[in-house]
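Work through the exercises below with the sequence and the 3D structure open beside you. Try each task before you read its solution.

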Amino acid sequence: MAGIRERARAEHISEIVRLARVQVERDGASSLSLRAIARELGMVSSAIYRYFASRDELLTKLIIDSYDRLGEEVEAADAGVRRRTDFLGRWRAMSHAIRQWALAHPAEYALLFGTPVPGYAAPQDTIGPASRYTIVLIRLIVEMEGAGHRSADKVPVALRRDYARFRQRFDVAASDAMLMGGMAAWANMMGAINLELFGHLHNVIDTPGALFEAVVAQQGRLLVSGTAPPPGTSKRA
């Protein structure tokens, strides 16, 4: 009997989440309403609170699910590059995976990277899922440095404390300069997606895909080729 109730509850939650996604896509995340979803399900408004205690709890569920889906796509793209020392190929694969997911799920992308929802503060539960896609890039940076890649760029003093906290949080051994290079590449790549998804290239660039490819190629050269060890240099163990 308990199993039947659990399945019924899971089905109700799944349907609530589905309708919430439809609502977010149609009206925007700031308009998410548990009462409206209850009406669509044909239940009294008080009943829906048995499944989600508040709008923010439902919004958190949507955010976590979206981050997990994005993370899965980026992880799969990176894993699909069979030669693990093809760092440029891995950078390109993960970058294009993010853009393809964004184009396929623009409302979800906007929920994660667009205008914050007024009055909503993301709880700690979102940190792990939100980190999944960035951990793929962090791993790339760490493996590049392990293979002998180095950056001679000077790191501003103001950033050194940030990178120290970053290393502690993610338990990584990458240098400040390599982290700065990785974050610069990430910021430029994500910026190109945001410009495209949020309409800022309208009447400016007719081929946003070509612009994105150019940004990814340029940042890849700076990140990978610009830090490559000289021929014959021994790799760090």
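**Exercise 1. Start at one histidine**

Task: Find which backbone oxygen the side chain of H149 reaches.

Solution. Step 1: the side chain of H149 reaches the backbone oxygen of V224, at 3.3 Å. H149 sits in the loop between α6 and α7 (157-170). Helices here are DSSP runs of H or I with at least four residues, strands are runs of E with at least two, and both are numbered from the N terminus.

Step 1: look for a side-chain partner. H149 and T227 are joined through their side chains by a polar contact of 3.0 Å. A polar contact is a pair of N or O atoms within 3.5 Å; within protein, one must be able to donate a hydrogen and the other to accept it, and residues adjacent in sequence count only if both atoms are side-chain atoms.

Step 2: list the neighbours. Leaving out residues up to four places away in sequence, H149 touches F87, M144, M178, V224, T227, A228 and P229. Contact means heavy atoms within 4.5 Å.

Step 3: is H149 buried or exposed? H149 counts as buried because its relative accessibility is 6%. The cut-offs are under 20% relative accessible area for buried, over 50% for exposed, and partly exposed in between (1.4 Å probe, protein chains only).

**Before you go on**

This is a predicted model: local features need pLDDT of at least 70, side-chain atom pairs count only at pLDDT 80 or more, and totals for chains, interfaces and linings use all residues. Residues are numbered from 1 along each chain as its sequence is written, and side-chain values use heavy atoms, with hydrogens and water left out.

**Exercise 2. Describe the whole fold**

Task: State how many helices and strands the protein has, and how far the trace spans.

Solution. Step 1: count the elements. There are nine helices and zero strands. Step 2: read along the sequence. The pattern is α-α-α-α-α-α-α-α-α. Step 3: take the extent. The C-alpha trace spans about 70 × 50 × 40 Å along its principal axes.

Step 1: check burial. Of the 237 residues, 40% are buried. Step 5: zoom in on one helix. Helix α5 (residues 106-113) is mostly covered, with six of its eight residues buried. They are A107, E108, Y109, L111, L112 and F113.

Step 2: check contact range. Among contacts between residues at least 6 apart in sequence, 73% join residues at least 24 apart.

**Exercise 3. Follow D78**

Solution. Step 1: recall the rule. A salt bridge is a side-chain nitrogen of Lys or Arg within 4 Å of a carboxyl oxygen of Asp or Glu. The whole structure has 17 of them.

Step 1: take R90. R90 lies in helix α4 (residues 87-104) and D78 in helix α3 (residues 55-79), 12 residues apart. Both R90 and D78 are buried.

Step 2: take R139. R139 is in helix α6 (residues 127-146), 61 residues from D78.

Step 3: classify. R139 is partly exposed because its relative accessible area is 34%. D78 counts as buried because its relative accessibility is 1%.

**Exercise 4. Join two domains**

Task: Describe the interface of domain 1 and domain 2, and find its salt bridge.

Step 1: get the area. About 420 Å² is buried between the domains, and carbon and sulfur atoms give 68% of it. Buried area is the accessible area (1.4 Å probe) that two parts lose on being put together, summed over both. In domain 1, R21, A29 and S30 lose the most, together 74% of what that side buries.

Step 2: find the link. The rule gives one salt bridge across the interface. R21 forms a salt bridge with E108, with the closest N and O atoms 3.5 Å apart. Step 4: widen the view. R21, K61, D65, R69 and E108 are linked in a network of salt bridges.
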